[in-house]
Amino acid sequence: MSNYETITVEKEGKVAILTINRPDKLNALSSMVHIEGVEALDELRADEGVRVVVITGAGEKSFIAGADISEFEGKTPITQRATFNERTLFNTIDSFPKPVMAMVNGFCLGGGNELALACDLRICSENARFSQPEINLGIIPGGGGTQRLTRLIGEGRSMEMCLTGDMIDAETAHRFGLINHIYPLAELRQKTLELAGKIAEKAPIALQLAKEAVKFASRSNLDEGLRREVDLFAICFSTEDKKEGVSAFLEKRKPEFKGK
Ligand code: COA
């Protein structure tokens, strides 16, 4: 794995943990974080030993406090549009073939919330706080905030978050369906890695196809979605892992999936 300036990557078994490492700036997303994060994800995509990626922020105060506001100065519409291109961390996570989990350990604001929204699962600590505060800067979310948030929690709740910029606490985020699980900060890493480890034991191709199918649900109508699902379901029948999964069940043993 390459050495990075703004992120770190470690591995625990089949799980890779990508940490945004700018704690003095509450892990704000600078352009360098986007560049290095995308580069690291490219490496993790190609690494067959990695089955699940967990993204978190360094320290105990903040997951990610949004885009690096200091970089907004001097930006024109053209340069800003070029920054938020298809190779943002948000879009790279969204289209990543392996499951990606956000381990939200504190402030999850603006681009931080958008990054968490691009992930497949979101696990947070009790001290986590969520918001889309862009409105307070005279702008709106540009990394999927208005779109992914609305699809996940519904228009009324998303609208209130985007119009007020107010923070919601972990309990509220859980009630809204923004968060899958909440744990005390001291247990967050262990609980997240337990869940990541459980998913990492499943059949990799089936994980990829399940992710694609579930994500397609909010991007299509029901008929298109059902057609896509059955196509992806059928593809599973071409894999060695499907044979292994069925044999293991019939032979009453644990399957050993190889990603083939
Ligand atoms: N971009 C750049 N720097 C940021 C930042 C961001 N989004 N969020 C925090 N920081 C920096 C602060 O400028 C400060 O740096 P300094 O010590 O060099 O002055 C450092 O991180 C610590 O933040 P601070 O504001 O002192 O901490 P706090 O506990 O008083 O407040 C927040 C925490 C999260 C409420 C506050 O930092 C904040 O509102 N951040 C901006 C959130 C935001 O609007 N994000 C969306 C951007 S589109």
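Select Glu201 to begin: at 39% relative accessibility, Glu201 counts as partly exposed, a class lying between buried (under 20% relative accessible area) and exposed (over 50%), with a 1.4 Å probe and protein chains only. The model is predicted, so local features need pLDDT of at least 70 and side-chain atom pairs count only at pLDDT 80 or more, while totals for chains, interfaces and linings use all residues. Residues are numbered from 1 along each chain as its sequence is written, and side-chain values use heavy atoms, leaving out hydrogens and water.

The side chains of Lys14 and Glu201 meet in a salt bridge (3.2 Å, N to O), a term for a side-chain nitrogen of Lys or Arg within 4 Å of a carboxyl oxygen of Asp or Glu. This pair links distant parts of the chain, 187 residues apart: Lys14 is in the loop between strand E1 (7–12) and strand E2 (15–20), and Glu201 is in the loop between helix H8 (185–200) and helix H9 (204–217). Helices (H or I, at least four residues) and strands (E, at least two) are DSSP runs, numbered from the N terminus. Lys14 is partly exposed, with a relative accessible area of 30%.

Now select Asp68 and Arg22, whose side chains form a salt bridge (2.9 Å, N to O). Asp68 is in the loop between E4 and H2, and Arg22 is in the loop between E2 and helix H1 (31–46), 46 residues apart. Are these two residues buried or exposed? Both Asp68 and Arg22 are buried.

Proceed to Glu212 and Arg228, joined by a salt bridge (2.9 Å, N to O). Glu212 lies in helix H9 and Arg228 in helix H10 (residues 222–236), so the pair ties together parts that are 16 residues apart in sequence. Glu212 is partly exposed at 33% relative accessibility, and Arg228 is partly exposed at 29%. Salt bridges that share partners also join Asp94, Asp120, Arg148, Lys211, Lys215 and Arg219 into one network.

Finally, colour the two domains, whose bounds come from an automatic or database domain assignment: domain 1 (7–200) and domain 2 (204–250). Their contact, meaning heavy atoms within 4.5 Å, takes 13 residues from domain 1 and seven residues from domain 2. How many salt bridges are counted between domain 1 and domain 2? The count is four salt bridges. The structure holds 14 salt bridges; one of them joins the side chains of Asp120 and Lys211 (2.9 Å, N to O).
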